Amino acid sequence: MPDMVSIAQPIQQSFNPYTENGGTILAIAGADFSVIAGDTRQSEGYNIQTRYAPKVFRLTDKAVLAVNGFAADGNMFVKKVRQRLEWYRHAHAKDMPIRAIARLIQTMLYARRFFPYYVYNILGGIEEDGTGAVYSFDPVGSYEREACRAAGAAQSLVQPFLDNQIYFKNQTPAPGTSFPAHLPLQTVLSLVIDSFTSATERHIEVGDGLEIYVVVAKGSTSAQGLQNLRGVQELTATDDGERVFVVRRELKKD
Amino acid sequence: MSIMELNGGSVIAMVGKDCVAIAADMRLGNQALGISSKFERIFPVTDRIYLGLPGLATDVATLRERFRFRVNMYTIKEEREIQPETFAHLVSSTLYEHRFGPYFIEPVMAGISKTPSGAVKPFIAATDLIGCLNFAKDFVVAGTASTKLYGVAEGLWEPDLEPEDLFETISQTLLNATDRDAFSGWGCIVHIITKDKVVTRTLKGRMD
Amino acid sequence: MARRYDSRTTIFSPEGRLYQIEYAMEAISHAGTVLGVLAKDGVVLAAEKKVTGKLLDLSAAKDGGYGGSGEKIYLLNSNVIGGVAGLTADANSLVNYARTAAQRHLLMYNEDIPVELLAQRMCDMKQGYTQFGGLRPFGVSLLYAGYDPHYHFQLYHSDPSGNYSGWKATCIGANNGTAQSLLKQEYKDDIEVKDAIGLVLRTMSKTMDSTTLGSEKLEFAVITLDPTTKEPKAKIYKPAEIDALLQKEGLMKKEEDAEMATA
């Protein structure tokens, strides 16, 4: 009938400021070292934007920050944290200790409580007392020090594996023995690599490459084992003091 | 909230050396409220085929009875026990019959089939809720903790595990994965199926 | 006069008879005998096979499944065995119906179908073919030997009219009159399965058409209760087991030729 015309319902249009760039990060604290790793794939939906986009960044000789979620916010957040660390260095003539960096990150994130940085941060490094530390954050600044944490697309795949292998959950030690409180560096590195290869198998947003940062405490013997590893690069200039190393590995590209 | 997550529950099956294992949690809930810690969701179809049914609990019971009907008819007419591969296709076609009004279940099967030469071949399979078959060679997972199960299984599984080692591997996979899932847990049951026997064990785990 | 009313089952003759049903029963009276005897701890079924011969391929029956050649005696459910006499094609259709009816009951009530109920389901269907649709009736009579927890061991007989009745001992097919009178003489109310087996085999040997009593001509089945699980156990004998049984009862008749060969 000519009188009836179809009238469409109004559709509200809007700009979505966030997007998910995939990827996964992981950090494990040892007795006198800390390992912070992340894959290098950056994706959006089914598309791979790049096979090499670093997600793990060195802040100081003692602290490494991994950021995962919305890459634009992640990269900007790292720049802002680095700027605050530089101001601190000028004001106090020393590097910020890692637990202070952790608290700083909380305040920076909560300041944007009503338009958050869409990032899951994991801060790893060496505490003032020389022990390995891992701090994990949510997008608005809730944080906690832990022995290990996985975040990102494959968190649900990796975290339960780590619960079993790092915390020995659901395992009872052989009678007369007990599980070690801390694992040696070589074991931790193997666990990190296995976690990422497993995640790459079963999650499409994980793959291409793996970058592992190792922060070693002053006077630690763990560093010796590292030199024998293939493709290790030292980022710190001197032998005395804390040391930061990078290990890169390939991951499946499919 | 997804219908598949209303009652909770997860199942996993793994292949070993001349053996298979199938395991599941025992929680039945109504969203966040836990109702039963004794809900069985793995059933024997024949001596050597076991079927796990994670998903909506009412469909677990219904499908179990429907498959019993169809397998009974098969056994009586064929005068022999149904083979695992054939049963998997029976599961697939039964689910596809309800393509546009499906059962909210993602079945997982484990069994031992016999080759013509008399050798033993371990078998696992899974389908989605409308019957798409997946014949994996290593492991299959389903349920609310499926992503967690994938992660731990991928890390712990290796080929050619003996029955005792397969038991340890599948148990650790199930326990650690369900501990990270609010809707799965409250008890775990594991069946290890070999050519000669089936050993069933319940695991001691977190009851929270 | 009767011929004008033969063409359809759905009408009576002037004398008040349904000829198609009677003709169906006539067909059955030429079929192989099926004999059933109810004991206090089980039921025994035996049947004479009519489809035999050297060229018949029975390799599947020898090793496979639950035995039987699939001509006379069928497993209907884990608690009921059926014996058929009449048109084999009709019998196959009815057996299939019986099996699905038993599974439908299991699906609905999660219990094995009671024996009388299974007979009723079959008879309800068979009666329909005498009243609606203008289709001919099934040319099959069946014996149902089964167990349920309500009435324990039972034996029923149903015919093309859709009527059924419960029996302590009965016979259908060829020579059923002879067999029935033999059973009437020898049957005792508190007979046990092991004696019932002997009674059945002796009666069969006297009523069967063929001279030899062996596994090529005989199908045999027994339903009992497993002493430990208390579940019904249906056993359809394999050809080798039937021969062994006949040997034990001393009824194994040798071929005349074979005897002459050894002499």
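**Notes on the predicted model**

1. A:Lys55 and A:Asp39 form a salt bridge, with their closest N and O atoms 2.9 Å apart. The pair links distant parts of the chain, 16 residues apart. A:Lys55 sits in the loop between β4 (47–50) and β5 (56–58) of chain A, while A:Asp39 belongs to strand β2 (residues 33–39) of chain A. Over all chains, the search of the whole structure finds 28 salt bridges. The model is predicted, and each of these values is computed from it.

2. The structure has three cavities of 30 Å³ or more.

3. Which chains share the most contacts? Two pairs of chains are in contact, and of these chains A and B share the most. Chain A and chain C do not touch, and their nearest C-alpha atoms are 39 Å apart.

4. The contact between chain B and chain A takes 17 residues from chain B and 15 residues from chain A. The size of an interface is often given as the accessible area lost when the parts come together. Here chain B and chain A bury about 1,400 Å² between them, with 50% of it on carbon and sulfur atoms. B:Glu154, B:Asn176 and B:Arg180 supply 37% of the area that chain B buries against chain A, more than any other three residues.

5. Three salt bridges are counted between chain B and chain A. A:Arg202 and B:Glu154 meet through their side chains in a salt bridge, at 2.8 Å from N to O. There are also seven residue pairs in polar contact between chain B and chain A, both residues at pLDDT 80 or more. On the side of chain B that touches chain A, α3 (146–156) and α4 (163–178) of chain B each supply at least two residues. The most come from α3(B), with eight residues. By class this side has six nonpolar, six polar and five charged residues.

6. At the other contact, 15 residues of chain C meet nine residues of chain B. The buried area is about 1,100 Å², and carbon and sulfur atoms give 61% of it. C:Arg99, C:Gln103 and C:Leu107 supply 44% of the area that chain C buries against chain B, more than any other three residues. The count of salt bridges between chain C and chain B is zero, and three residue pairs are in polar contact, both residues at pLDDT 80 or more. Two or more residues on the side of chain C that touches chain B come from each of β3 (73–77) and α3 (88–109) of chain C. The largest share, seven residues, is from α3(C).

7. The largest pocket holds about 790 Å³ of space. Of its 28 lining residues, B:Asn72, B:Thr75, B:Ile76, C:Leu75 and C:Ser78 are the closest to its centre. α1(B) gives the most to the lining, with seven residues. By class, the lining has 13 nonpolar, seven polar and eight charged residues.

How values were computed. Residues are numbered from 1 along each chain as its sequence is written. Chains are lettered from A and ligands numbered from 1 in the order in which they are written. This is a predicted model: local features need pLDDT of at least 70, side-chain atom pairs count only at pLDDT 80 or more; totals for chains, interfaces and linings use all residues. Side-chain values use heavy atoms; hydrogens and water are left out. On a 1 Å grid over the protein atoms alone, a cavity is a set of points where a 1.4 Å probe fits but cannot get out, and a pocket is an open set with protein on both sides within 12 Å along at least five of seven lines; lining residues have an atom within 4 Å of a point. Grid points are joined across faces, edges and corners, and a volume is the space filled by probe spheres set on the points. Contact means heavy atoms within 4.5 Å. Buried area is the accessible area (1.4 Å probe) that two parts lose on being put together, summed over both. A salt bridge is a side-chain nitrogen of Lys or Arg within 4 Å of a carboxyl oxygen of Asp or Glu. A polar contact is a pair of N or O atoms within 3.5 Å; within protein, one must be able to donate a hydrogen and the other to accept it, and residues adjacent in sequence count only if both atoms are side-chain atoms. Helices (H or I, at least four residues) and strands (E, at least two) are DSSP runs, numbered from the N terminus. Ala, Val, Leu, Ile, Met, Phe, Trp, Tyr, Cys and Pro count as nonpolar, Asp, Glu, Lys and Arg as charged, and the others, Gly among them, as polar.
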